[in-house]
Protein chains: 2
Amino acid sequence: MVGSVGNGLVDLSAAAGNGVGKGALPMEEEPPARREVVLGRNVHTASFAVKEPEADDEETGEREAAMASVLALYRRSLVERTKHHLGYPYNLDFDYGALSQLQHFSINNLGDPFIESNYGVHSRQFEVGVLDWFARLWELEKNEYWGYITNCGTEGNLHGILVGREVFPDGILYASRESHYSVFKAARMYRMECVKVDTLISGEIDCADFQRNLLLNRDKAAIINVNIGTTVKGAVDDLDLVIKTLEESGFKDRFYIHCDGALFGLMIPFVKKAPKVTFKKPIGSVSVSGHKFVGCPMPCGVQITRLEHINALSSNVEYLASRDATIMGSRNGHAPIFLWYTLNRKGYRGFQKEVQKCLRNAHYLKDRLREAGIGAMLNELSSTVVFERPKDEEFVRRWQLACEGNIAHVVVMPNVTIDKLDYFLNELVEKRAAWYQDGMCQPPCIARDVGQENCLCILHKK
Amino acid sequence: MVGSVGNGLVDLSAAAGNGVGKGALPMEEEPPARREVVLGRNVHTASFAVKEPEADDEETGEREAAMASVLALYRRSLVERTKHHLGYPYNLDFDYGALSQLQHFSINNLGDPFIESNYGVHSRQFEVGVLDWFARLWELEKNEYWGYITNCGTEGNLHGILVGREVFPDGILYASRESHYSVFKAARMYRMECVKVDTLISGEIDCADFQRNLLLNRDKAAIINVNIGTTVKGAVDDLDLVIKTLEESGFKDRFYIHCDGALFGLMIPFVKKAPKVTFKKPIGSVSVSGHKFVGCPMPCGVQITRLEHINALSSNVEYLASRDATIMGSRNGHAPIFLWYTLNRKGYRGFQKEVQKCLRNAHYLKDRLREAGIGAMLNELSSTVVFERPKDEEFVRRWQLACEGNIAHVVVMPNVTIDKLDYFLNELVEKRAAWYQDGMCQPPCIARDVGQENCLCILHKK
């Protein structure tokens, strides 16, 4: 399979069934969907092979020179690719020059962040400082929380859902259809029963459907993944309504809520009128990515949960001289320092300013798209602008847009300026005129994805 | 619990039962053991707090200065801690100065390494080059393998065992008692039945006990974790004997073998007389750590498996425009470049030289320990020297020794020179004379851990 993926549009609706849902895991059936999947280019043949050094390489210096040239070329491509990036929620604007002095060290926070292992080259001092900051942000006392810095948002979800399962071993996992795929991966890995709940057009969880499903499964506790910003539409599930629905359905004290705040978990505290994500509500865990809104050279994330839950998960592992309640064993000790550095420099106030800028710029983008006759939607609490998928895959790749079906999105991050948006918009408008000039085909209808009021296809434009 | 951990020896035998083995997971009972666990210092109060910047910080530059001073202090402690490190299998000797130019980029290989996602700032070209190198090392053809660069050895084990479970959903996981704790963590996470198999005194799996257990469970397929270098003793399970035992017990074609080669997976190919780890034998996956023998600023690892198995695990995730068969979603794109850089510089020949040096130096350490009257063991294929646990915990921490019960170990890595070993040995011999000078207590007997022939306690020394 690896070798056979081409460049363009590939229909994988048949292949997509392969191996999925097999095995012993009871999981809801996917509705039969026939969607087009765009796969990138196969990189198997375009890789930089590792070559065995010649015996006299050291003397001639040829090897060093060849490697330096590969790296210089690669660096140039990174500059170009970083410049043309709009689709993924990564803040590419950071300067960690002051930390390059640490790259020489093998920093490893293996095991629990709160208990030193015997390995001394770690950065727990920074990690705990960062965790304290997040616990304060989400209103959990120092002596009541536990957490760690993860490798990515997925690890946070894997951890939160695992904690939920350990608290309620027979619990059913509920997650909206628009939840990140790692939530369903967790269900499969952990052999949990999983119910996919419908969503509203905004992308939020449909609490009416949630209640229907709860009432069908009254006998089993509920483990719920609540999205604080969905991947595609940036929709924020209504946490208060989810809790109300649980209580009204007779689930008082028999539920565990994990909040997947991958991107928006760090933005929402700074959005006026946004519902609050706080441990003063009956939630079990919150996760957020570090490489998204904060920005970091490598993926990382923060996971915060209640200390009382963690005993359900932890076990004593003498080898590390440390309790092990994390998913991974060895853990990247550089990531906490990157996060610590940015949090210290920006502070709550700095993030607030950046969030406001992102929301403003997202509105600008949405307005300009619609002025140009391009259907677009922007959720009130979000900086993710969803719009008609550009027809040309080359254009999609150039701007690194994330696409699903007929829609694409741009996530307006702190590094996305008005200038950059104008550059993108002008190019899109110009190309689009060419794509549709002969009238042979029409821009797609996206009413099903974003609602009629946001669609500007031939049928829905006024 | 977090706040209550002190400095010295703490008896956690009661607490260790907390939450472990609870839940729906059928797992063998731990024998009641009463061992002392050394916990490090609690770092909750010693952390570097994140402080909200003052309004005028930018002008005064005070904040920048304060942060720079924290970092300079931290760097000094890293230098010191790196110098006094012997216990963990990390090669601390690397120079990635040429790569510091890349730290400014947010490099993310999200999803499958062989299929580009739409996110353009990735390093798949390097990742696939590295994977090809390892596939060649373990003798699997380019078009027959699948793999990826993981965050650590644990992720490799989690992946290998998950693949095994997807191939045999009802299979029982067999692993020797001296397997890495992540293997048992996987069993718990994945809700797999798990059987702990006895070990020989060397630390290798006891195939007689393995066979007894197989015969008790003839009706279920077997998923086996084979250790290529155990964590504590560096013992290499006899892969050929494991396969023979399976076949003789009637498990032909009904088994999946994952090889945990965390440290030694990259050393064993270069050890003369060592049994071969190769996909020409009926194994399913091999994992190895990247920050161990290769050396890397942050933890990482390599996972190689058969392409045919991966379909059991993968699912198509349109959002990434990529197939998802990895455990994590976003993946560190810097790690592959670090690995690529070192593999290119050293090549097979370079690693061979380093392996030989490590084995020589390990022999030197073992011999010198025994000359000094200190019980010590070194497995033939290993560079892990196991010896009597130093009495003083301060000394253990100073040299960052990994300990278990009465034994400690030093893992001789490429950065561990004869000079460093002499420095350590002289200090140990001197301190030890002081610990035991008054005759009030004796060095511990370690015959149970390493065999009578390797113990030099008062009972066993000749």
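Which residues do ring pairs link into a cluster with A:W133? In this predicted model, the cluster joined by ring pairs comprises A:W133, A:F134, A:W138, A:F270, A:F293, A:Y348 and A:F351.

## Aromatic pairs

Over all chains, a search of the whole structure finds 50 aromatic pairs. In the pair formed by A:W146 and A:Y148, the ring centres are 5.6 Å apart and the planes stand at 50°, so the arrangement is tilted. A:W146 is buried, at a relative accessible area of 0%, and A:Y148 is likewise buried, with a value of 0%.

In chain B, the ring centres of B:W399 and B:F424 are 5.3 Å apart; their planes meet at 75°, an angle over 60 degrees, and the pair is therefore edge-to-face. B:W399 belongs to the loop between helix 10 (393-398) and strand 14 (402-404) of chain B, whereas B:F424 belongs to helix 11 of chain B, so this pair ties together parts 25 residues apart in sequence. B:W399 has 0% relative accessibility and counts as buried; B:F424 is also buried, with a relative accessible area of 0%.

## Packing of helices 9 and 11 in chain B

Helix 11 (residues 418-435) of chain B also packs against helix 9 (residues 334-371) of chain B: their axes come within 11 Å and cross at roughly 20°. Because this angle is under 35 degrees, the two helices are roughly parallel. The crossing is right-handed.

From helix 9 of chain B, the contact involves B:N361, B:Y364, B:L365, B:R368 and B:L369; these meet B:I418, B:L421, B:D422, B:F424, B:L425, B:N426 and B:L428 of helix 11 of chain B. By class, the contact contains eight nonpolar, two polar and two charged residues.

Note on methods:
Residues numbered from 1 in each chain as written. Chains lettered and ligands numbered in written order. Predicted model: local features only at pLDDT ≥ 70, side-chain atom pairs only at ≥ 80, totals over all residues. Heavy atoms only, no water. Axes fitted to C-alpha atoms, helices over the stretch in contact; angles between N-to-C directions. Helix = DSSP H or I, 4+ residues; strand = E, 2+ residues; numbered from the N terminus. Parallel < 35°, antiparallel > 145°, perpendicular 65-115°, else oblique. Left-handed = near helix turned anticlockwise from the far one by under 90°. Contact = heavy atoms within 4.5 Å. Nonpolar A, V, L, I, M, F, W, Y, C, P; charged D, E, K, R; others polar. Phe/Tyr/Trp six-rings, centres within 6.5 Å; stacked < 30°, edge-to-face > 60°. Buried < 20%, exposed > 50% of the residue type's maximum accessible area, 1.4 Å probe, protein only.
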